[in-house]
Amino acid sequence: SSGINAEWPLRPGKSIYNAEKRGKRQVLIRPSSKVIIKFLTVMMKHGYIDEFEVVDDHRAGKIVVMLNGRLNKCGVISPRFDVCVTDIEKWTTNLLPSRQFGKLVLTTSSGIMDHEEARRKHTGGKILGFFY
């Protein structure tokens, strides 16, 4: 195998994907984290999910995500490989079904963003995951 493990400790990508596949309208992700929230924000900006709400349950927190049926797959890449601007193309080819379809999510020095924004800003970073 290529050493890419598309999972987080709680695999939020997998929970969203499974709920979406079963036609559920919402899914619960826990624990909540800043990274997951940023990841979901990118997904929402591109219309792949409707909205999400962070619920403070006085423990690790949880997130309720409203699905809209547009998401085919999302996954998280671990470990977070370094991706320079020139490598973005290679990663999109490997992870996304086509050029017009889906986004990679990167954490960069300018914050968490999709690969197109990173390319526009001429910045690389670490890859967090992908969705399409």
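Ring pairs join Phe39, Tyr48 and Phe131 into a cluster. The model is a predicted one, in which local features need pLDDT of at least 70, side-chain atom pairs count only at pLDDT 80 or more, and totals for chains, interfaces and linings use all residues. Residues are numbered from 1 along each chain as its sequence is written, and side-chain values use heavy atoms, with hydrogens and water left out. This briefing treats aromatic pairs, charges over rings and salt bridges.

**Aromatic pairs**

- The structure holds 5 aromatic pairs; rings of Phe, Tyr and Trp (its six-membered ring) pair if their centres lie within 6.5 Å, and planes under 30 degrees apart count as stacked, over 60 as edge-to-face and the rest as tilted.
- Tyrosine 48 lies in the loop between helix H2 (34-45) and strand E2 (49-55), and phenylalanine 131 lies in strand E8 (residues 125-131), so the pair ties together parts that are 83 residues apart in sequence. Helices (H or I, at least four residues) and strands (E, at least two) are DSSP runs, numbered from the N terminus.
- Tyrosine 48 is buried, at 6% relative accessible area, and phenylalanine 131 is also buried, at 0%; buried means under 20% relative accessible area, exposed over 50%, and partly exposed in between (1.4 Å probe, protein chains only).
- Phenylalanine 101 and tyrosine 132 form a tilted pair, 6.4 Å centre to centre with 40° between the planes.
- This pair links distant parts of the chain, 31 residues apart: phenylalanine 101 is in the loop between helix H3 (88-95) and strand E6 (103-108), and tyrosine 132 is in the segment after E8.
- Phenylalanine 101 is partly exposed at 35% relative accessibility, whereas tyrosine 132 is buried at 17%.

**Charges over rings**

- The charged end of arginine 70 sits over the ring of tyrosine 48, 4.4 Å from its centre; a charge sits over a ring if NZ of Lys or CZ of Arg is within 6 Å of the ring centre and within 35 degrees of the ring normal.
- The charged end of lysine 73 sits over the ring of tyrosine 17, at 5.1 Å from the ring centre.

**Salt bridges**

- The structure holds 7 salt bridges, a salt bridge being a side-chain nitrogen of Lys or Arg within 4 Å of a carboxyl oxygen of Asp or Glu.
- One of them joins glutamate 117 and lysine 45 (3.3 Å, N to O).
- Glutamate 117 belongs to helix H4 (residues 115-120) and lysine 45 to helix H2, so the pair ties together parts that are 72 residues apart in sequence.
- Glutamate 117 is buried, at 16% relative accessible area, while lysine 45 is exposed, at 54%.
- Aspartate 82 and lysine 126 form a salt bridge at 2.6 Å, N to O. The two residues are 44 residues apart, aspartate 82 in strand E5 (residues 82-83) and lysine 126 in strand E8.
- Aspartate 82 is exposed at 57% relative accessibility, and lysine 126 is partly exposed at 34%.
- Glutamate 89 and arginine 119 also meet in a salt bridge (3.4 Å, N to O). Glutamate 89 lies in helix H3 and arginine 119 in helix H4, so this pair ties together parts that are 30 residues apart in sequence.
- Glutamate 89 is partly exposed, at 32%, and arginine 119 is partly exposed, at 33%.
- Salt bridges that share partners connect Lys45, Asp114, Glu117 and Lys121 in one network.
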